[in-house]
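Here is a quick tour for someone meeting this structure for the first time. Have a look at it, then read on.

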Amino acid sequence: MGIRHRIAPLAAVLALAGGLVATEAAPALAARPASGQTTKTAAADGTYLYFDKNQSNPRNSRLYLMKSIPDARDTVLATYRAGSGDGGPHGKDECASSQGWLPNGTYQVLAHDAHYNGGDQGINGHVIHVQDKVCENGRTTRAELFVHSEMWPEGSQAAPQPGKDNPYRWDGSDDYRSLGCIKLSPAHIKNLFAKAERYGWPTKLKVAA
């Protein structure tokens, strides 16, 4: 789910906007996607997203934009700090709807939108919509899943509200918490859109612990 309330599925793909900005360097990860250190793939040349869960701190996980190279090693195009789950006692339970992080597995990317309007208390701005996923218990379906941030539909930030969290303003590391979606900072999700526009839009999201 998005920030706080259930919202309607993403309806259409709109035009992208935004320029390139600098990203942090990708760390080397054992048995994880990292530049020059990934497993071989025979898949068609293209891009995908890879979310690497941080068991010790879910709010400091990593989202990679990867490029598949036929008969060679995948390469990292960009890497971003990301979070998933609400950080509570069930934050790492993939079957806890509106609390836990995304289930492991592969998701189809359904659409992307640079000016999404999720309505009152919904997600806004730059979003990537991925398919629903049945969690490990085989019964619970996690739905309304997005890669998103906190902003107004046009990409701007709301005014600060001292002592209160504003779902349309990025205030710091606590904003990496979500009801299950993957969250990036506003600068990073805009950079992801720019990179995807340059290298090709990913068709899949892979999630692993």
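## The barrel

β5 and β11 pair in the antiparallel sense, with 2 bridges between them; two strands pair if DSSP finds at least two bridges between them. Across this pairing, Ser-84 stands opposite Ile-182 in β11. Zoom out and you'll find 8 strands closing into a barrel, in the order β2-β3-β5-β11-β10-β7-β6-β12, with mixed pairing. The names come from DSSP runs numbered from the N terminus: helices are H or I with at least four residues, strands E with at least two.

A word on the numbers: this is a predicted model, where local features need pLDDT of at least 70 and side-chain atom pairs count only at pLDDT 80 or more, while totals for chains, interfaces and linings use all residues. Residues are numbered from 1 along each chain as its sequence is written, and side-chain values use heavy atoms, leaving out hydrogens and water.

## Helix α1

Helix α1 covers residues 186–199.

Which residues of α1 are buried? They are Pro-186, His-188, Ile-189, Asn-191, Leu-192, Phe-193, Ala-194, Lys-195 and Ala-196. Here buried means under 20% relative accessible area, exposed means over 50%, and partly exposed is in between (1.4 Å probe, protein chains only). The buried residues of α1 pack against β2, β3, β5, β6, β7 and β10, with contact meaning heavy atoms within 4.5 Å.

## The nonpolar cores

A nonpolar core is a set of buried Ala, Val, Leu, Ile, Met, Phe, Trp, Tyr and Cys residues joined through side-chain atoms within 4.5 Å. The largest one has 26 residues, and those with the most contacts inside it are Leu-63, Ile-128, Ile-182, Leu-184, Leu-192 and Leu-205. At least two of its residues come from each of β2, β3, β5, β6, β7, β10, α1 and β12. Apart from it lies another core of 6 residues, including Tyr-48, Tyr-50, Tyr-64 and Ala-208.

Take Leu-63: leaving aside residues up to four places away in sequence, its contacts include Leu-49, Phe-51, Val-147, Ile-182 and Leu-192.

## Rings and charges

There are 5 aromatic pairs in the structure. Rings of Phe, Tyr and Trp (its six-membered ring) pair if their centres lie within 6.5 Å; planes under 30 degrees apart count as stacked, over 60 as edge-to-face and the rest as tilted. Trp-152 and Tyr-168 are stacked, because their ring centres are 4.4 Å apart and their planes meet at 20°. Both sit in the loop between β10 and β11, so the pair ties together parts 16 residues apart in sequence. Trp-152 is partly exposed at 31% relative accessibility, whereas Tyr-168 is buried at 9%. Phe-193 and Trp-201 pair edge-to-face, 4.9 Å centre to centre with 85° between the planes.

The charged end of Lys-133 sits over the ring of Tyr-107, 4.7 Å from its centre, and that of Lys-206 sits over the ring of Tyr-48, at 4.3 Å. The rule is that NZ of Lys or CZ of Arg lies within 6 Å of the ring centre and within 35 degrees of the ring normal.

Conventions
Expected span 1.5 Å × (residues − 1).
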